Amino acid sequence: MGQKYIVPSLVIGLTLLAYSKDAWYFDNGQGGIDWQIGKPLVNAVTANTSVSLPKIRQQALELVNRDRQMNGLPPLVEDPLLAVAAQAHAEDMLKRRYYDHISPEGKTPTDRFREVGGRQGVGENIMQQTSNQGVRLTYGLIEHFQKGWMYSPGHRENLLTADYTHFGYGIIVDPLLGEVYAVQNFY
């Protein structure tokens, strides 16, 4: 009778162990001397949940606003045109295999935003992840990227610019190549 419980218990134990690796990984730390970062919105269970692009964008905005509010700044609102420009840039970088704020033709974030109908100048953060076959859109991935941007002075400056009021997010994943390109746009 005891043996029939060994295999299910082993499977459950190994599953919990696999997910628990993210429990310590998503400790965002304390931030810096003159800035703070919020507590993770993910846990060991939700970190590896595959989600849709609209849900990813919603979480990306929540993370940005979490960190802005931790630093005494007002929240940003989502701008659909910024999201279109951000998504197009992420897809273009993957398709043409480059990683830069400036396209091979010399187009800037502001140029891309204006091409889709925007009028303002745009700030931009980009992120690339490679060599991670099987990668997919998860809440943990977005939390990881936000943490990386917050701990990078230039990216954090964009995230915490008081004059910014609007936000757009784009991300593309190629699980076969193990590549991810993510873009945050602000005005």
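Which residues do ring pairs link into a cluster? Select Phe 145, Trp 149, Tyr 164, Phe 167, Tyr 169 and Phe 186, and you have them on screen. Rings of Phe, Tyr and Trp (its six-membered ring) pair if their centres lie within 6.5 Å.

Before going on, a word on what you have open. This is a predicted model, where local features need pLDDT of at least 70, side-chain atom pairs count only at pLDDT 80 or more, and totals for chains, interfaces and linings use all residues. Residues are numbered from 1 along each chain as its sequence is written, and side-chain values use heavy atoms, with hydrogens and water left out.

**Stop 1: the whole chain.** Colour by secondary structure and you'll find six helices and four strands. Helices (H or I, at least four residues) and strands (E, at least two) are DSSP runs, numbered from the N terminus. Along the sequence they come as α-α-β-α-α-β-α-α-β-β. Of the 187 residues, 43% count as buried, meaning under 20% relative accessible area with a 1.4 Å probe, protein chains only.

**Stop 2: an aromatic pair.** Seven aromatic pairs are present in the structure. Zoom in on Tyr 164 and Phe 186: this pair is stacked, 5.4 Å centre to centre with 15° between the planes. Stacked here is for planes under 30 degrees apart. Tyr 164 sits in the loop between helix H6 (153–159) and strand E3 (166–174), while Phe 186 belongs to strand E4 (residues 179–186), so the pair links distant parts of the chain, 22 residues apart. Tyr 164 and Phe 186 are both buried.

**Stop 3: two helices crossing.** Now show helix H2 (residues 53–70) and helix H5 (residues 139–150): their axes come within 10 Å and cross at roughly 35°. Those axes are lines fitted to C-alpha atoms over the stretch in contact, and angles run from 0 to 180 degrees between N-to-C directions. The crossing is right-handed, which means that the near helix is turned clockwise from the far one by less than a right angle. Contact means heavy atoms within 4.5 Å.

**Stop 4: Arg 112.** Last, pick Arg 112 in helix H4 (residues 109–115). Is this residue buried or exposed? Arg 112 counts as buried because its relative accessibility is 9%. Leaving aside residues up to four places away in sequence, Arg 112 touches Ala 85, His 89, His 101, Ser 103, Lys 107 and Glu 124.

Conventions
Phe/Tyr/Trp six-rings, centres within 6.5 Å; stacked < 30°, edge-to-face > 60°. Buried < 20%, exposed > 50% of the residue type's maximum accessible area, 1.4 Å probe, protein only.
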